Amino acid sequence: MTTSSSSDGFYAELTNAEGGALRYAVNGAWRASSSDATVESVNPSRANARANAFQACTRAEVDEAFAGARAAQGPWARTPLHERASLLHRAATLMRENAGGMVSALMIEVAKGAKESATEVERGDLLMSDSFPGNDRNKICMASNVPVGVVLCIPPFNYPVNLCVSKVAPALIAGNAVVVKPPTQGCTATLHMIHCFIKAGFPPGLIQAVTGRGGEIGDYLTTHPLVNAISFTGGETGIRVAQKAGMVALQTELGGKDACIVLPDADLELAAKSIVKGGFSYSGQRCTAVKIVAVFEEVADELIGKVNERIAKLSVGLPEDDATITAVVSKSSADFIQSLVVDAESKGATLCQEWKREDNLIWPLLIDNVTHDMKICWEEPFGPVLPVVRVKNENEALELVNKSRFGLQGCVFTRDIDRAIRLSDAMQTGTVQINGPPARGPDHFPFQGVKDSGIGSQGITNSIKVMTKVKSTVINLAKPSYTIA
Ligand code: NAP
Ligand code: G3P
């Protein structure tokens, strides 16, 4: 595949003349690895046929990337903020002007629908000492946020552009350098995005991109002595990254089992619409997807009827046809999803639609009468299958949320705002949406998980906080400074 859009010329540097494997980015240039080895991505919509190939970077090349980033970061941290900002705006303009390459790469490598792919490319204090009793006014503390240094950015397959830029942009504006490890599935789109940044004119070495399978070079990257902060988005791998990471700032945004609680007084039409949008957009491959419904028994039949009506209207097919349900990212993912459905059915759950799968393409499925002994009650399918648990009261609904090892988001549907706030307080999740489906955006909103859903908070301001550290300068005055009236 390599690239296939009107902006081919713009991306020519990413491959050699023969159109071979995409190169990796180091010190402002695109290079082939001395390993002569490559890793390949597949096209989930075409029976996992080969999609693209990337360099399998060596440890020495990883070292060189970190050394280059460290060297570039010093002068960059001394670059005035407005100059940093203008380069970011330039990069954003280039991304918009050359979006075609990224959009087609997203459709081919992660089976994201045409419209959703285009949407993804378009998104992203003085202190005085006498404030304390017993202190004279003779110390002035100037606290500022200074860059940590080199930030390792590791995005997931499902948002290889947006969840890369939402790490890189805050890191750069804060004065850091970045080393990016793109996901293998989705790598082409991430490398295109990096190219827009390099073409925007950032100093060579400030933005490095090393490619290779996470399982092969991941540990070497996350334990590298030149890393000062890690911003990781992904699945359980992130727990391993956190355990391995040394004394570095950490931001890990991990999996979710986002519950949707539907109370008897809820607007069931709104709830059904939100459940289908939240549960099935991008085939359920969003950390914020609705992954379990807890509906009060007395309205369950009515709600499920409305949800099934909407599921029947979902389009299933190819990303280029903008289908809502497209192939899931890999055969192993499709197998895992199927295993959860088989387990649930074998334990008495009711499939509301016929189970249907062709390679990685799984037809949308609602599963009723799910009970706690079924794996799908607790696992993250990351696919277009949605379990429903019928509950008798709030405690049963809360149990589903709080017994989960995940704690990313949840949502509550009710017309009683007091009840909604009370439930929100009791839910052990990073965010609770009231009368709307879970979602991360817009990208300046704080976004965080608890428990196995992650460490730290995202969103532009919070990411900058993770990627900077406080530096205090205290002036000790010879005598207290009081303003003379
Ligand atoms: P993943 O398998 O955990 O991979 C995430 C990234 O980590 C990829 O770039 C992967 O590279 C890399 N990686 C793999 N092994 C590594 C290691 N040992 N050290 C360092 N990096 C390593 O997740 P995914 O399948 O891409 O994404 C799906 C998961 O991400 C789901 O669980 C979803 O809920 C979660 N997610 C969470 C959020 C959030 O904001 N909370 C957002 C999106 C997705 P390779 O591709 O080369 O293996
Ligand atoms: O899984 C990616 C996650 O970050 C979801 O973003 O905006 O689709 O909720 P969003």
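**Reading helix contacts**

Mentor: H3 and H4 are oblique to each other. This is a predicted model. The angle between helix H3 (residues 99-110) and helix H4 (residues 114-122) is about 130°, and their axes lie 9 Å apart.

Trainee: How are two packed helices described in general?

Mentor: By the angle between their axes and the distance between the axes. An angle over 145 degrees would count as roughly antiparallel, and 65 to 115 as roughly perpendicular, with the rest, apart from roughly parallel angles under 35, being oblique. That is why H3 and H4 are called oblique. The crossing in which H3 passes H4 is right-handed.

Trainee: Which residues of H3 and H4 meet?

Mentor: From H3 there are Ala99, Met102, Val103, Leu106 and Met107, and from H4 there are Ala114, Ser117, Ala118, Glu120 and Val121. Sorted by class, this contact of H3 with H4 has eight nonpolar residues, one polar and one charged.

Trainee: At what angle do H3 and helix H6 pack?

Mentor: At about 165°, with the axes of H3 and H6 (residues 187-199) 7 Å apart. H3 and H6 are therefore roughly antiparallel to each other. Their crossing is left-handed. On the H3 side the contact is made by Gly101, Met102, Ala105, Leu106 and Glu109, and on the H6 side by Cys187, Thr188, Ala189, His192, Met193 and Cys196. By class, the residues in the contact of H3 with H6 are seven nonpolar, three polar and one charged.

Trainee: Now burial. Which residues of helix H13 are buried?

Mentor: A residue counts as buried under 20% relative accessible area and as exposed over 50%. In H13 (residues 417-426), the buried residues include Ala420, Leu423 and Ser424. These residues cover an arc of only 105° around the axis, which puts them on the same side of H13. Asp418 and Asp425 are exposed on the other side of H13.

Trainee: What do the buried residues of H13 pack against?

Mentor: They pack against helix H12 (394-402), strand S19 (409-413) and strand S20 (431-434).

Trainee: Where is tryptophan 378 placed?

Mentor: Tryptophan 378 is in the loop between strand S17 (365-368) and strand S18 (385-391). Leaving out residues up to four places away in sequence, tryptophan 378 touches Lys257, His372, Leu400, Lys403, Ser404 and Phe406.

Trainee: How many residues separate tryptophan 378 and arginine 419 in sequence?

Mentor: They are 41 residues apart in sequence, and C-alpha to C-alpha they are 25 Å apart in space.

Key: Residues numbered from 1 in each chain as written. Chains lettered and ligands numbered in written order. Predicted model: local features only at pLDDT ≥ 70, side-chain atom pairs only at ≥ 80, totals over all residues. Heavy atoms only, no water. Axes fitted to C-alpha atoms, helices over the stretch in contact; angles between N-to-C directions. Helix = DSSP H or I, 4+ residues; strand = E, 2+ residues; numbered from the N terminus. Left-handed = near helix turned anticlockwise from the far one by under 90°. Contact = heavy atoms within 4.5 Å. Nonpolar A, V, L, I, M, F, W, Y, C, P; charged D, E, K, R; others polar. Buried < 20%, exposed > 50% of the residue type's maximum accessible area, 1.4 Å probe, protein only. Arc of directions from axis to C-beta.
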